[in-house]
Amino acid sequence: MEGECLYLKFNRNPMRIVFRKLGKLFSGHREAPAFTEQTITVSDSAFDTYSLVIGSLFSYFNDLSTESKKRFVQRVHHFKSSKKFHFIGMEENEDAAILVSASAIKVTFGLKNYLLSHFENIYILADAYKMENDEELYVGHVAPEGIYLSWKHFRYGYTNKSDNINVASHEMAHALLYNNFFAQYGMDAHFRMNYEQFSTTTGPILAQVITNRQSYLRSYAFSNLHEFWAVSVEAFFDNPEGLKKNMPELYGALCRVLNQDPLSKNKVLKSEQ
């Protein structure tokens, strides 16, 4: 398909295996403890530092109003402080931790429960990697014990926007789905309800594309519904204009389930969930 590149030869996510094995966790799900965002404080110096780092790579952040930028940075700071970051094949990198956290907040900015609470550990690897007993190269995956990302391909996703490929958006989309349907806590009621509608309403879209073998989305989206979701989220944030023009029904469904519209000034559609 036009727009795909060598980057796609990597089998990027084994989530379909994880989802099958851990479906039994669904019944034990509960809400995350409530908290008030106003209690999250970030100093002026920290806000300036975070804004500089995030703004260097995220046009999404730069488009926000001043008030929304403060809310975004507060959430990034909270997310980052709630995780353990592990650096593999590279030195510890504070900017990388901030940017990976910002990637999660970008996807969850419209949701009340944005911490992906199940995941305590985030692994940032220097480059593509192999998993045990697997010869395939991975540039990111989500597993019960953590979120894994290749730093090289993370940066690629934010510097090359012509192909709708962003490993961070892709894996955070998987993590969000896992946290709401397969983890023990951290559910967001808005996301849960609207994703069930998303999976129903996008079924005909998926079937039509598989039949016609042609789509605005890259072919990896049609591996299964979970990959369709993750690849759609990539396109939603990387090129919202293109996705809305070519697949308006899918774009609208993503706006509803994530409670945000990347083409709007402040992104978030409804302030209260």
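1. Terms and basis. Contact, or packing of one element against another, means heavy atoms within 4.5 Å. This is a predicted model: local features need pLDDT of at least 70, side-chain atom pairs count only at pLDDT 80 or more, and totals for chains, interfaces and linings use all residues. Residues are numbered from 1 along each chain as its sequence is written, and side-chain values use heavy atoms, with hydrogens and water left out.

2. Overall make-up. The protein has twelve helices and eight strands. Helices (H or I, at least four residues) and strands (E, at least two) are DSSP runs, numbered from the N terminus. Of the 273 residues, 55% count as buried. Buried means under 20% relative accessible area, exposed over 50%, and partly exposed in between (1.4 Å probe, protein chains only). The accessible surface comes to about 12600 Å². Carbon and sulfur atoms hold 51% of that surface. Areas come from the Shrake-Rupley method with a 1.4 Å probe; for residues, only the protein chains shown count as cover. Among contacts with a separation of 6 or more, 71% are between residues 24 or more positions apart.

3. Helix α9. The buried residues of α9 (residues 203-212) are I205, L206 and V209. They cover an arc of only 95° around the axis, so they sit on the same side of α9. The arc is that of the directions from the helix axis to the C-beta atoms. P204, Q208 and T211 are exposed on the other side. The buried residues of α9 pack against α8, α10 and α12.

4. The α8 and α9 pair. Two packed helices are described by the angle between their axes and the distance between the axes. The axes of α8 (residues 189-201) and α9 come within 4 Å and cross at roughly 35°. Axes are lines fitted to C-alpha atoms, for helices over the stretch in contact, and angles run from 0 to 180 degrees between N-to-C directions. S199, T200 and T201 in α8 meet G203, P204 and I205 in α9. By class, this contact has two nonpolar, four polar and no charged residues. Ala, Val, Leu, Ile, Met, Phe, Trp, Tyr, Cys and Pro count as nonpolar; Asp, Glu, Lys and Arg count as charged; the others, Gly among them, count as polar.

5. The α10 and α12 pair. The axes of α10 (residues 225-238) and α12 come within 11 Å and cross at roughly 95°. That makes α10 roughly perpendicular to α12, a label for angles of 65 to 115 degrees. From α10, the residues involved are F228, W229, S232, V233, F236 and F237. They meet L250, Y251, L254, C255, V257 and L258 of α12. The contact of α10 with α12 has eleven nonpolar, one polar and no charged residues.

6. C255. This residue lies in helix α12. At 9% relative accessibility, C255 counts as buried. Leaving aside neighbours within four places in sequence, C255 is in contact with F236, Q260, D261 and L269. The C-alpha atoms of C255 and G110 are separated by 9.4 Å, and the two residues are 145 residues apart along the chain.

7. Helix α6 and L125. W151, H153, F154, G157 and Y158 are buried in α6. They cover an arc of only 165° around the axis, which puts them on the same side of α6. The buried residues of α6 pack against α5 (94-108), β3, β7 (146-150), α7 and α10. In strand β3 (residues 121-125) is L125, buried with a relative accessible area of 10%. Not counting residues up to four places away in sequence, L125 touches I88, M90, Y148, L149, S150, W151 and K152. The C-alpha atoms of L125 and H86, 39 residues apart along the chain, are separated by 8.3 Å.

8. Two asparagines to check. Most residues other than glycine have a negative phi. N164 has a positive phi of about 60°. N164 lies in the loop between α6 (151-159) and α7 (167-181), and at 11% relative accessibility N164 counts as buried. N259 also has a positive phi, of about 55°. N259 is found in the segment after α12 (248-258), and at 2% relative accessibility N259 counts as buried.

9. G55. The place of G55 is in helix α2 (residues 44-55). Leaving aside neighbours within four places in sequence, G55 is in contact with F61 and N62. The C-alpha atoms of G55 and L99, 44 residues apart along the chain, are separated by 9.6 Å.

Technical notes: Angles under 35 degrees count as roughly parallel, over 145 as roughly antiparallel, 65 to 115 as roughly perpendicular and the rest as oblique.
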